[in-house]
Amino acid sequence: MIPIPEVRPPGRFTIRYTDFLIRNPWKVVFAATALTAIAVFFASRLEFRVDLRELLPAGQQSVKDLARIEKRMGGTGTLVLAIESPDFEANKRFLEALVPRIDRLGKSRIKQVEYNVKAEKAFFDRNKYLYANLKDLVEFRDHLKKEFGKAALKGAGVLIDLSDDDDKKKQKEREKEKGAKPKSATNLKLDEFRAKYREKAATFDRYRDGYYAGEKGRLVIAFLRLPEEATSIDHVDRLMASIRREADGLNPATFHPALKIDFAGPLVTGRAEVEALKDELTVISIVCVGLVVLSIFLFFRRWRALGALGISLIMGCAWTFGLTQIVIGYLNTSTAFLGSIVAGNGVNFGIILGARYFEERRAGFDMRAALADALRYTAVSTVTAALAASVAYGSLLVTDFRGFNQFGFIGGIGMLLCWLASFTVLPALFVLAEKIRPVKAVREHPFFAALFTLGFPALIRRLPRTLAFVGVAIVFAAGFIVVKNLSADPFEYNLSKLRSERGRVGPYQLSIRVDKIVEGTEDDDAAKAKEKEKDNGKKNGGNGDVRALPGIIMLADPGRPDQVAAIKAALLRARDAAAPGQAAIQGVATIDDVLPKGVAKKIPIIDDIRRRVLEDAWEHLSDEQRREVGDMIPQAGLKPIGVAELPEFLARFFTEKDGTRGLVLYVAMRDGMYQYSGHDLMKFAAAVREVKLESGEIVTASGQAVIFADMLKAIATDGPRAIVVSFVGVVLLVLIIFRRFWLSSLVLFALAMGVLSMMAIAHLGAIRLNFLNFIAIPITLGIGVDYAVNVFMRYRHDGRGSMARVIATTGGAVVLCSLTTIIGYGSLLLSDNRALVSFGVLANIGELTCIVAATLIMPAFVSAIEGIKKKRRVTTETPSEDEVGREKKGGTKKEAGAGARADASAGAVAGDDIRAPH
């Protein structure tokens, strides 16, 4: 039989604390308000950090490597200026007029403005022979020698052309009709060589008139390279405002009535996303507060209850985030939305206390008795729930992943502080409200009672065994599904499903248009190639919108230019040694790849070509031939180009902050691998994060791919550890509180059903685990046990046979607690971030399964056991004379418990009739 202890009246401490609150409500509220003001001051200084490295431990090698790289390379911020109108010529003129004004803003704000490729194109045209292949140069020189020699002989009359003049004339006419260019007597093969030497310069030909223009000239862009100290959001905001003022000073409408300017690029998109996140948090908070207020008011139907709960909850949340600022200092992408979660969970303790208090007041007991009884009979259950939730959140502290442990700290301390506010500020506010206007004894309206108990009491009375059987079946079925799922890989590796749906962010859309200009993907062939790339992306687990990652940066040690070649060789050896299709590296770029090769051998040949064209054969060429060969004449005095001679626009990507050139390597992912495939990222990261040279030296690297890979690895290792710690902590807490295995097992059965059902439903719904929604599992372990503890504590108080009545009273409050938590999680569904949405969905599934387990299945299980025990007693036992006598005297435990509750005047304080009715 389920042992039910006798009910005791409020103890000495409870009565003294009640009397203290009644005597000093203003002191309690004033002290809490002062503490809240201090907390709000600190909380207002919390900042958002959206950098993904903030989710990893500061001591992680990839984080340290990235910091080292950034220290040497400096800021890489680029602001994209976009000029748009239907007239390309107007766009050009406006840009040419605006650039000098932008330059006047100073190098401290803008290091460099790049708005056309004329300098790059001129450089490669001027040095085309230095970048030509040595073999091609030799062949071209020998060919010129042969052809110009023939021309010279012909001009001297030695080489006789025997072709008939009429035949020559007819041949030219035929070629003209076919659209072919008439062949000269001298075959210079210029087109063949042009195609070779112009390979470098040809990359710039796709830019209209040398400008970064696209969409048939409607959009013209410029790249503003910013110094490292000018890449903060505030700097970017001020810079954009300054540029807009300079643009307005030119009166854009005089260039074209529709001309306008805008900004794009990573800095602007990042700024927009931070602002969007803040807006989302504002909307989420408003929706969450509004729905919580509505649900609480419908339950209590008293403004005083709503006001008191709201004030105490606000104070608890303020204390939480004030302490967060002191201890952590910022919020990251995992913790930015915790306000609604802490509020949704933290209000539960006040709801349970308030529900019991108003239940006692409606029953006719005075304020002192009702408050003492509410404190006495809800303190243990709510502090158990707070500790369980805190343990669940706190389990995340054992992880190294900051995305987990900071979440754990904020959530764990938030539960304790919200409980503290609920049992200090909230009862003091109840006292103040009673002094203004006492609560009247009013019967509970049946509609609202049924609204929050969901009709569960009737089901528990009618179908206890059926529901218990269903619960056991669910546990076994869900357990089977979960074990089967965990034997596979439950994690989400398609990172595109965790990104923000940024279609509503204007700068992101403009950035896509800018990318098309830079990548040259506007023509039909490029579009087809892009479509093919999208198809490949889908096959590789992407979302169809895929682009290759920028190169991962590796750095040779300072003063070690010899290390560059060694690093590159080691990477390429590893690439070439991989099985076909398994290599992770496409190529490695260094500053040597920008320099012309074999210049010392080329220059004599180039000089020879120039001499043969200008000195040996120029006078023998026709005007047509001279025009044709004009751009092929090598420039005089070409000299070798070294690292120091490279122009800044070519050396910029290989130049460190202090001006050092040549120690930077860019490593590119293999074609066919994509930045949103977790498997590809881990594979690429494994290939580049640590490179062993032939000398035995180890060189490490970092970047977006490595950071993402470490995040996935941290989730896989830290997540299960957090779940185990949370589960063990909650089980131990329940065993300590109930001190009996039988009682504890009933609560833990409800918890097991709730958590296993949540994970099974998630698997059946194809909801995979990621770096954010993984947190829902340990949290559900803590919060889910909250409901079962509160229900069972009330059952222990009311005695056997009371479970249906318990659900009709405390059960309604527990359902309200779950509803507020569901609202907190559900508000995340409004987010633009799909990782947040997945967290909200998974956590709400857990809420629903846990509340059903705690308020329907576990109570039915208890009622079914009671029914079986009662039937056995009736059929197998005959009451003794002593038992009959006790029944006549009303001496059963149940009646003794009820009598104790009705007459608690034997309280711990002699002579205090604390439960005297009105």
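Biologist: Which residues of helix H4 are buried?

Modeller: Buried means under 20% relative accessible area, exposed means over 50%, and partly exposed lies in between (1.4 Å probe, protein chains only). In H4 the buried residues are Phe88, Ala90, Asn91, Lys92, Phe94, Leu95, Leu98, Val99 and Ile102. This is a predicted model, where local features need pLDDT of at least 70 and side-chain atom pairs count only at pLDDT 80 or more, while totals for chains, interfaces and linings use all residues. Residues are numbered from 1 along each chain as its sequence is written, and side-chain values use heavy atoms, with hydrogens and water left out.

Biologist: What does the label H4 stand for, and what span should the helix have?

Modeller: Helices (H or I, at least four residues) and strands (E, at least two) are DSSP runs, numbered from the N terminus. The expected span of a helix is 1.5 Å times one less than its number of residues. Helix H4 (residues 88-103) has 16 residues, so it should span 22 Å; its end C-alpha atoms are 23 Å apart, which agrees.

Biologist: Which residue caps the N-terminal end of H4?

Modeller: Asp87 does, with a side-chain oxygen 3.0 Å from the backbone nitrogen of Glu89.

Biologist: Where is the kink in helix H14 centred?

Modeller: The bend at a residue is the angle between axes fitted to the seven residues ending there and the seven starting there. In helix H14 (residues 367-394), the kink of about 40° is centred on Thr378. H14 is also mostly covered, with 21 of its 28 residues buried.

Biologist: Now for strands. What is the order of the three strands in the open sheet?

Modeller: Two strands pair if DSSP finds at least two bridges between them. Here the order is S8-S10-S9, with antiparallel pairing. Strand S8 (552-555) and strand S9 (585-589) are the edges, each pairing on one side only. From one strand to the next, the twist averages 25°.

Biologist: How many bridges join S9 to strand S10?

Modeller: Four bridges join S9 to strand S10 (residues 664-669). Look for Ile585 opposite Met669, and Gly587 opposite Ala668. S8 and S10 also pair over four bridges, and there Met554 stands opposite Leu665.

Biologist: Which strands does helix H26 lie across?

Modeller: Axes are lines fitted to C-alpha atoms, for helices over the stretch in contact, and angles run from 0 to 180 degrees between N-to-C directions. Helix H26 (residues 678-688) lies across S8, S9 and S10, running at about 150° to S10.

Biologist: Is Thr855 buried or exposed?

Modeller: Thr855 is buried, because its relative accessible area is 0%. Its place is in helix H31 (residues 834-876), and its side chain reaches the backbone oxygen of Ile851 at 2.6 Å.

Conventions: A polar contact is a pair of N or O atoms within 3.5 Å; within protein, one must be able to donate a hydrogen and the other to accept it, and residues adjacent in sequence count only if both atoms are side-chain atoms. Contact means heavy atoms within 4.5 Å.
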